[in-house]
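Subject: Structure for you to look at

Hi,

Here is the structure I promised to pass on. Have a look at it first, and then read my notes below.

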Amino acid sequence: MAKKTKEEWKVFENVFDQFTIRTLQSLSGKGHFDGLKSPISLGKEANVFTAEKGDDLVCVKIYRLESTNFNAMYKYIRNDLRFEGLSHQRRKIIFAWCQREYRNMMLVREAGVNCPKPIAFANNVLLMEFIGDEMPAPMLKDAPPRDVKKFYDAVIDNMKKTKKAGLAHGDLSEYNILNHNEEPVFIDFSHGTLLKSPNADELLERDVKNICRYFKKLGLDVTEEKIKKSLV
Ligand SMILES: Nc1ncnc2c1ncn2[C@@H]1O[C@H](COP(=O)(O)OP(=O)(O)O)[C@@H](O)[C@H]1O
Ligand SMILES: [Mg+2]
């Protein structure tokens with residue numbers, strides 16, 4: 001597909017503010033994608049789209065600048081050693097949230113975690129590899145694995161690698177794991193906090209709890225203790 005013209009970007013004016021449109025145009029101008037294609041998800045803090053890049057698709061996550069959740073975001077990110085000095089300004093917090101997700105994905109990919117390859121970020125926009133074939137890969141909650149034990153083992157392996165990379169995901173559940181052709185792909189790393197940070201244990205604990213609850217429901221004989229043991 002050819003690059004979007006000024007007129008074509010106008011379509012998005014009702015969806016995004018001018019600042020976000022300019023950020024999208026700038027990323028597109030750098031050759032990261034041609035134009036947005038279709039919405040995948042409209043979440044609490046972010047909208048996720050597919051975008052075309054030549055014949056390929058990439059994934060664009062756009063944090064909404066008017067996010068009303070920024071006080072909670074501030075509370076979380078302030079604990080992260082990398083963002084200690086962050087000021088309490090809505091935009092700065094949202095940009096930091098976006099940057100943190102990018103940095104976390106870089107960190108864990110390096111450690112071999114199965115997650116989308118981060119491509120670029122600017123302000124409140126994050127570009128990453130699109131996970132799916134023609135359609136986006138479904139969330140684990142909507143596509144339970146065929147071989148539960150095998151999938152569970154792969155999830156544990158990815159959790160282990162995340163921990164080894166020095167990170168607690170912090171929002172891991174069947175909502176933030178995609179089932180891509182029976183392989184788990186971890187997504188949504190914006191809560192991810194360095195393990196050295198003061199609240200990391202709490203986040204890791206929460207991840208273990210969620211994963212335990214989900215696989216127990218599918219009939220696996222797991223406990224939180226067992227999971228914690230297999231992470232060390
Ligand atoms: N790289 C990706 N490829 C395909 N689908 C994705 C990708 N990233 C996110 N999604 C889809 O968008 C949804 C929302 O993304 P997520 O990062 O979890 O944001 P939110 O903060 O809104 O939960 C996911 O549940 C998933 O269905
Ligand atoms: Mg999510």
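Leaving out neighbours up to four places away in sequence, Ala143 is in contact with Pro138 and Asn179 (contact means heavy atoms within 4.5 Å). You'll find Ala143 in the loop between strand 5 (125–129) and helix 5. Helices (H or I, at least four residues) and strands (E, at least two) are DSSP runs, numbered from the N terminus. Ala143 is buried, with a relative accessible area of 15%; buried means under 20% relative accessible area, exposed over 50%, and partly exposed in between (1.4 Å probe, protein chains only). Its C-alpha atom is 35 Å from that of Lys4, which sits 139 residues away along the chain.

Before going on, a word on what you're looking at: this is a predicted model, where local features need pLDDT of at least 70 and side-chain atom pairs count only at pLDDT 80 or more, while totals for chains, interfaces and linings use all residues. Residues are numbered from 1 along each chain as its sequence is written, chains are lettered from A and ligands numbered from 1 in the order in which they are written, and side-chain values use heavy atoms, with hydrogens and water left out.

Now the whole chain. The protein chain has 7 helices and 9 strands. Its radius of gyration is 18 Å, close to the 17 Å that the globule rule gives for 232 residues, so the chain is as compact as a globular protein of that length. (That radius is taken over C-alpha atoms, and the globule rule is 2.2 Å times the number of residues to the power 0.38.) The C-alpha trace spans about 55 × 40 × 30 Å along its principal axes. Of the 232 residues, 49% count as buried. If you take contacts between residues at least 6 apart in sequence, 59% of them join residues at least 24 apart. The chain exposes about 11800 Å², and carbon and sulfur atoms supply 50% of that (areas come from the Shrake-Rupley method with a 1.4 Å probe; for residues, only the protein chains shown count as cover).

Next, helix 5, which covers residues 148–164. Which residues of helix 5 are buried? They are Val148, Phe151, Tyr152, Val155, Ile156, Asn158, Met159 and Thr162. Seen down the axis of helix 5, these fall within an arc of 165°, so they line one face of the helix (the arc is that of the directions from the helix axis to the C-beta atoms). The face turned away from the buried side of helix 5 carries the exposed residues Lys150 and Lys164. The buried residues of helix 5 pack against several elements, including helix 4 (90–110), strand 7 (177–180) and helix 6 (200–217). Just after helix 5, Gly166 takes a positive phi of about 90°.

Helix 4 gets a similar check: its 21 residues should span 30 Å, and its end C-alpha atoms are 31 Å apart, which agrees. Among its buried residues are Trp97, Cys98, Arg100 and Glu101. Gly112, which follows helix 4, has a positive phi near 90°.

What coordinates the magnesium ion (ligand 2)? Asn176 (OD1) and Asp188 (OD) do, at 2.1 to 2.2 Å. Donors are N, O and S atoms within 2.8 Å of the metal (3.2 Å for Na, K and Ca), and water is not among the atoms, so sites may look incomplete. Asn176 is in the loop between strand 6 and strand 7, and Asp188 in the loop between strand 8 and strand 9 (193–194), 12 residues apart. Asn176 is buried at 8% relative accessible area, and Asp188 is buried at 19%. Asp188 also has a positive phi of about 60°, although it is not a glycine.

Glu182 is another non-glycine with a positive phi, about 70°. Glu182 lies in the loop between strand 7 and strand 8 and is partly exposed, at 26%.

Last stop: Val58 in strand 3 (residues 56–63), buried at 7% relative accessibility. Beyond four places in sequence, Val58 touches several residues, including His32, Phe49, Ile119 and Phe130.

Cheers

Note on methods: The expected span of a helix is 1.5 Å times one less than its number of residues.
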